[in-house]
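Morning, everyone. Please take a look at the structure on the screen, and I'll walk you through some of its packing.

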Amino acid sequence: MSALLVMIGLAVVLGIVLGFASIKFKVEGNPLVERIDAILPQMQCGQCGYPGCKPYAEAIAAGDTPINLCPPGGEAGMLRLADLLGIEPQPLDAESAEPKPRQVAFIDEQTCIGCTLCFQACPVDAIVGAAKQMHTILASECTGCELCLPPCPVDCITMVPAVGGIAAWKWKYPVYPIHTDSRLAA
Amino acid sequence: MRTLHPFNGGIHPPEHKNESTQQGIALAPLPARLIVPLRQHNGNPAKALVGVGDQVLKGQMIGQADGFISAAVHAPTSGRVSAIEMMPVAHPSGLPDLCVVLETDGEERWIERQPVDYRTMDPAELRGKLRDAGVVGLGGAVFPSHVKLNASGLETLVINAAECEPYITCDDMLMRERAAEVVQGIMIAQYAMGAKEVLIGIEDNKPQAIQAMQSACQGTGFEVVTVPTLYPSGSAKQLIKLLTGKEVESGGLPTKAGVQCFNVATVYTIHRAINHGEPVISRLVTLTGNVDAPRNYEVLIGTPVGELSALAKPRPDTSGFIMGGPMMGLPLPDLNVPVVKASNCIIATSQALFPPKLLPMPCIRCTRCAQACPADLQPQELYWFSKSMNFGKAQEYKLFDCIECGCCSYVCPSHIPLVQFYRFAKSEIWEREKEKKAADQARERHEFREYRQEREKQEKTARHAAKAAEAAAKAGVEGGSGDDDAAAAAKKAAIQAAIERAKAKKAAAAPKNVDDLSAEAQAKIDEIDELRAQAKGAAEHDIEAQKSGEGQSTQ
């Protein structure tokens with residue numbers, strides 16, 4: 001009898017604890033989506049077929065889409081996704097596997113007619129201007145997604161390499177021949 | 001005698017310092033053309049203030065500090081700006097950078113120099129003055145000094161005069177010949193930060209400089225501390241440990257431990273800037289190595305290295321030049337690069353002095369590098385993680401505490417270029433952090449855009465609704481007149497007519513085979529109709545019951 005009471009008591013206590021925990025520590029949204037979204041490059045270019053990085057992250061989390069659809073993320077991004085999700089890497093197609101140098105859009109202000117179509121297309125509001133006023137790109141905000149190129153009726157937008165020069169330079173991976181013959185090195 | 005707190009590791013490479021200290025400091029001749037890079041310091045490059053064709057005076061600001069971590073750049077002599085363009089500079093990338101090219105007129109006309117009395121100045125004002133005078137750390141790191149001076153209630157001010165790297169003697173000669181002015185500069189730095197104690201650390205291989213500084217420091221309370229010759233005791237963290245016993249925490253600033261460290265040449269330029277109103281337009285450069293006339297020269301910033309090095313008469317077998325010391329310096333790919341604020345030494349190299357490096361062999365994990373590391377790191381592990389691009393692990397092993405002194409590479413029996421791996425890993429990590437920051441920014445902006453679009457949509461519908469309501473209200477107000485009554489009646493009549501028409505149509509479509517039925521058939525139809533009505537009633541009752549049930553459950 002006492003064993004029964006102990007078990008019932010335990011069940012009640014644990015039930016209360018679990019019920020309390022499920023309210024107190026309720027998880028808002030799917031944390032996996034956030035983690036996938038953190039790996040995606042946030043270019044918002046839509047090359048994956050989804051209208052932005054977040055929707056693609058949601059699709060990956062739901063498990064109904066391959067992880068190799070993001071060319072800006074490249075091989076490295078795909079590998080990190082595979083690592084996070086614990087699935088086999090899925091190779092990118094040859095063209096998108098090539099890492100592209102970072103680019104930003106540039107508006108030729110002589111040709112721009114001020115039609116506002118490009119900044120309606122910009123996913124990160126990196127183009128400023130107004131109707132019949134010249135538009136310009138905020139290079140620091142531009143993700144290089146190229147979404148502003150197709151709507152432009154006068155083709156005044158070109159992609160230029162992002163800030164190069166000394167500030168963007170990095171040390172290369174050291175490459176040297178290795179001596180394997182110890183007699184030679186002596 | 002102060003007790004020293006030696007750091008671990010360190011090496012004793014051949015010093016080669018005597019060659020260039022046999023003669024006093026000489027003034028380098030004025031070149032015909034000076035190339036002044038706008039990026040000579042850590043942080044943002046200066047913004048050009050002059051245009052091509054402008055006449056400038058000696059000491060005139062030609063580049064303005066851009067942002068907090070930045071410093072001004074000045075014309076080293078009077079002349080005309082002939083170009084502002086990308087020119088080769090001393091940088092490991094070999095990439096050109098934006099430079100102001102000055103054609104000198106040989107007149108050396110100064111701007112109006114305005115010495116100020118720092119004792120009457122607020123430290124913040126003093127820092128602004130130094131920023132505009134282009135004062136940066138001349139030990140080689142060229143970090144803007146006004147940023148470092150932004151500290152108060154300091155325990156100890158350490159003056160770094162160790163000059164531990166082989167060949168370099170410019171600080172030694174500066175102290176020998178201009179000790180009094182160095183002391184003046186220390187006073188300003190002490191005033192700006194309210195330092196209680198000043199320690200000047202000098203390696204024991206510079207007895208003349210020690211003596212000169214000791215006599216200049218008489219009555220000032222500054223203490224000259226002789227430290228043993230050991231590379232790299234001239235590194236800020238290592239010197240602070242050596243003199244005070246305090247360790248600067250990983251990733252932290254020395255000021256947190258109540259210490260700040262300035263190079264001796266930097267405090268000299270602080271003195272020139274404040275007490276003489278002269279910005280940093282020249283520096284001492286040691287010309288040494290495989291040359292016939294090694295010596296220290298006072299050189300204008302922007303002097304092409306090729307022209308300068310000719311003064312020391314390089315020997316015919318000279319194979320190249322290094323800017324900086326042999327441990328941390330940078331081989332120059334091009335002799336047209338200018339002397340900048342960071343250039344403390346130009347070494348001519350030869351096969352005999354700098355034999356070509358032996359080909360690297362695999363790491364045997366002998367940990368000699370760990371014994372030599374002055375930053376108490378595990379270089380063999382850092383090498384391992386950097387090589388395999390395991391950057392998270394490299395950071396765990398405190399990659400960013402590496403001062404790139406080169407002790408590990410120096411002692412490595414496998415001749416592995418270890419520092420190159422650390423530099424690669426560091427710049428790769430910085431790059432990734434930058435990318436992550438950019439991605440976060442893009443995400444935020446994209447989310448805000450979506451929110452904005454949603455808001456605009458709602459505003460639009462609200463606006464339309466308001467407009468419709470307004471129109472309706474307008475119609476209602478106008479409805480008071482007789483005309484409108486008639487119109488409404490006509491409308492009603494029209495609707496009524498339409499309903500009638502629909503009814504007529506429905507009647508016309510009624511089943512045609514029910515006109516003359518037998519009594520039996522009629523009875524059957526009636527029965528079916530009744531059943532239908534019953535079923536309908538039952539169904540309605542059910543729905544009612546369900547509804548009330550739901551109502552109860554929700555209540």
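Let's start with a helix pair. The angle here is about 125°, and the axes are 8 Å apart. Axes are lines fitted to C-alpha atoms, for helices over the stretch in contact, and angles run from 0 to 180 degrees between N-to-C directions. Helices (H or I, at least four residues) and strands (E, at least two) are DSSP runs, numbered from the N terminus.

Some housekeeping before going on. This is a predicted model, where local features need pLDDT of at least 70, side-chain atom pairs count only at pLDDT 80 or more, and totals for chains, interfaces and linings use all residues. Residues are numbered from 1 along each chain as its sequence is written, while chains are lettered from A and ligands numbered from 1 in the order in which they are written.

Back to the pair. Helix 2 of chain A passes helix 3 of chain A in a right-handed crossing. Which residues of helix 2 of chain A meet helix 3 of chain A? They are Leu32(A), Val33(A), Ile36(A) and Asp37(A). Across from them, helix 3 of chain A brings Cys53(A), Lys54(A), Ala57(A), Glu58(A), Ile60(A) and Ala61(A). Contact means that the C-beta atoms, placed from the backbone, lie within 7 Å. By class, this contact has 7 nonpolar, no polar and 3 charged residues. Nonpolar means Ala, Val, Leu, Ile, Met, Phe, Trp, Tyr, Cys and Pro; charged means Asp, Glu, Lys and Arg; the others, Gly among them, are polar.

Helix 2 of chain A (residues 31-39) has another partner, helix 4 of chain A (residues 74-85). Their axes come within 9 Å and cross at roughly 160°. Helix 2 of chain A and helix 4 of chain A are therefore roughly antiparallel. The crossing of helix 2 of chain A past helix 4 of chain A is right-handed. Arg35(A), Ile36(A) and Ile39(A) of helix 2 of chain A touch Gly77(A), Arg80(A), Leu81(A) and Leu84(A) of helix 4 of chain A. That contact counts 4 nonpolar, 1 polar and 2 charged residues.

Now zoom out. Chain A is assigned domain 1 (31-97) and domain 2 (101-172); such bounds come from an automatic or database domain assignment. The C-alpha centres of domain 1 of chain A and domain 2 of chain A are 25 Å apart. Their contact takes 6 residues from domain 1 of chain A and 7 residues from domain 2 of chain A.

Over to chain B. Its assignment gives domain 1 (19-107 + 119-349) and domain 2 (360-468). Here the C-alpha centres lie 30 Å apart. In chain B, 9 residues of domain 1 contact 9 residues of domain 2.

Chain B also has an open sheet of 3 strands, in the order 3-5-6, with antiparallel pairing. Strands pair if DSSP finds at least two bridges between them. Strand 3 (47-48) and strand 6 (73-74) of chain B are the edges.

Last, how do the chains meet? In this model, 23 residues of chain A contact 24 residues of chain B. The chain A side divides into 13 nonpolar, 6 polar and 4 charged residues.

Notes: Contact = placed C-beta atoms within 7 Å. Parallel < 35°, antiparallel > 145°, perpendicular 65-115°, else oblique. Left-handed = near helix turned anticlockwise from the far one by under 90°.
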